[in-house]
Amino acid sequence: MNIEEVLVPDTGNDGEMDVIEVAVSIGDVIEKEQTLIVLESDKATMEIPSSVAGKLVSLKLKSGDRAKSGDVIAEVEVTASEATNEVQQEKAKTETPVIEPIKTAQPENAAKQPPVLEQKNETIEHSQAPELNTAVVHAGPAVRKFAREHAVDLSRVRASGPRARILQEDVTQYIKSQIQRAQNGQIIGAGFSHGAVALPDFKQFGEISAQTMTKVHLKTAENMQRSCQIPQVTQFDEADITALEEFRKKQKNVAEQKGIKLTPMAFLLKACAYALKALPQFNVSLDLANQHIIQKHYVHIAFAVDTPYGLFVPVIRDVDKKGIWEIAGECQDLAARARDKKLLPAEMQGACFTISSLGAIGGTSFTPIVNSPEVAILGVSKAQIKPVYNAQGEWQPKLMLPLSLTYDHRAVNGADGARFTSLLGNVLSDLRELLL
Ligand code: COA
């Protein structure tokens with residue numbers, strides 16, 4: 001049995017380098033020139049090949065260690081044909097080739113950063129999770145650099161090169177497939193890369209338990225995070241709905257006969273449709289990639305429904321063309337089906353604008369978040385009776401409805417934000433406006 005030590009050759013680097021990967025395991029039958037370890041300095045990454053062929057009997061370095069030229073990497077039981085006599089061994093040791101660091105031209109800090117594992121914050125539907133390449137990853141320094149720059153975990157990439165080597169086109173293909181899956185909504189939670197923070201071990205502070213987030217919860221959180229990147233402003237206002245409430249209450253019997261619950265929501269939907277037609281700059285989406293403002297000539301409005309399973313946002317189509325009873329009926333039906341988890345995906349698509357009403361629950365005002373690619377959302381809080389003074393300084397009790405309009409400031413300017421809530425206030429305080 002002939003055991004030979006394989007050393008870190010002269011790398012042209014004076015100091016120690018990080019062992020960022022060990023590409024073999026004890027017991028492996030390795031070939032000459034097969035990569036044993038990958039070293040990384042501030043400037044370059046280099047694969048260190050074996051100078052002999054045979055069976056790996058020990059490994060002296062592990063990932064995370066630091067190594068310099070001359071350090072022992074491994075011991076190999078060389079195969080008979082490869083066995084060298086002492087003279088040859090000495091010769092091999094003294095003539096170990098100088099390995100030129102590969103000029104990777106990495107930015108100073110890029111080499112120092114650990115590779116970002118894409119898997120960290122990603123929830124993948126199990127049936128579609130790419131098969132993990134649990135074996136050792138074989139890839140050249142250029143491919144590793146490319147993967148690191150694109151935050152790709154190489155253990156997830158299918159290798160198409162010889163001896164299961166990962167090629168750059170494999171990484172490119174992987175990136176493309178991930179983008180495709182994210183666009184198709186197949187990767188839920190993929191958008192959390194910016195929002196994730198390192199958590200402390202909460203157990204040190206007291207008892208805890210963890211619950212898996214539902215898909216609805218994850219999707220809502222992801223949408224919220226994406227929407228928060230929009231520069232948005234909230235305009236607050238109040239609408240006098242004293243007359244509206246009197247009118248609504250008078251309709252109670254008719255509503256019962258129709259089997260419809262008439263709440264302020266139907267009037268809000270109708271008033272918003274009116275405002276969207278009067279101020280069409282709120283009925284757009286921004287196509288920044290093509291530098292287009294997409295004007296919508298239909299008025300579909302979504303409304304948020306709170307359910308035990310999370311937030312659902314069904315859409316009422318062509319609100320501008322429908323009467324109050326029809327809107328109220330649809331609203332009731334969609335909210336009930338949202339709570340029974342019976343909404344169809346199509347019933348939650350195509351909105352131009354959203355209303356989020358917390359009026360039945362409470363609160364004086366809040367700042368809703370724009371539901372992108374829409375450019376505005378109306379938050380509604382609890383109506384309260386307040387003293388409202390007229391020009392003569394006399395006051396009257398009025399039922400005031402708090403409105404919070406958040407808009408995408410890239411699409412809508414502040415003056416139009418104030419115009420929108422003023423117009424809503426006018427319409428809601430005197431429904432006859434709708435007839436004009
Ligand atoms: N001020 C005072 N009372 C109000 C009100 C307001 N702004 N809005 C509704 N109410 C009253 C209604 O008139 C009704 O009272 P009534 O039976 O005496 O007529 C009562 O509150 C309950 O109304 P509700 O059944 O909730 O109907 P709705 O049409 O107002 O709301 C939903 C329907 C689906 C919007 C509502 O149930 C819901 O889920 N809201 C939560 C939305 C949410 O979570 N938004 C946050 C998103 S981040």
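Let's start with who touches whom. In α8, F267, L268, A271, C272, Y274, A275, L276 and A278 meet F420, L423, L424, V427 and L428 in α10, where contact means heavy atoms within 4.5 Å. By class, that contact has 13 nonpolar, no polar and no charged residues; nonpolar here covers Ala, Val, Leu, Ile, Met, Phe, Trp, Tyr, Cys and Pro, charged covers Asp, Glu, Lys and Arg, and the others, Gly among them, are polar.

Before I go on, the ground rules. This is a predicted model, where local features need pLDDT of at least 70, side-chain atom pairs count only at pLDDT 80 or more, and totals for chains, interfaces and linings use all residues. Numbering runs from 1 along each chain as its sequence is written, and side-chain values use heavy atoms, with hydrogens and water left out. Helices (H or I, at least four residues) and strands (E, at least two) are DSSP runs, numbered from the N terminus.

Back to the helices, then. The axes of α8 (residues 264-278) and α10 (residues 414-429) come within 9 Å and cross at roughly 135 degrees. Those axes are lines fitted to C-alpha atoms, for helices over the stretch in contact, with angles from 0 to 180 degrees between N-to-C directions. That makes α8 oblique to α10, since under 35 degrees counts as roughly parallel, over 145 as roughly antiparallel, 65 to 115 as roughly perpendicular and the rest as oblique.

F267 forms an edge-to-face aromatic pair with F247, 6.2 Å centre to centre and 80 degrees between the planes. The rule: rings of Phe, Tyr and Trp (its six-membered ring) pair with centres within 6.5 Å, and planes under 30 degrees apart are stacked, over 60 edge-to-face, the rest tilted. F247 sits in helix α6 (residues 242-250), 20 residues apart from F267.

Now the sheet. What is the strand order? It's open, four strands, β1-β8-β6-β3, with antiparallel pairing; strands pair if DSSP finds at least two bridges between them. β1 (3-7) and β3 (29-30) are at the edges with a single partner strand each, so one side of each has no neighbour in the sheet. β6 (residues 54-59) and β8 (residues 72-78) pair over five bridges. Among the bridge partners, K55 goes with E77 and S58 with E75.
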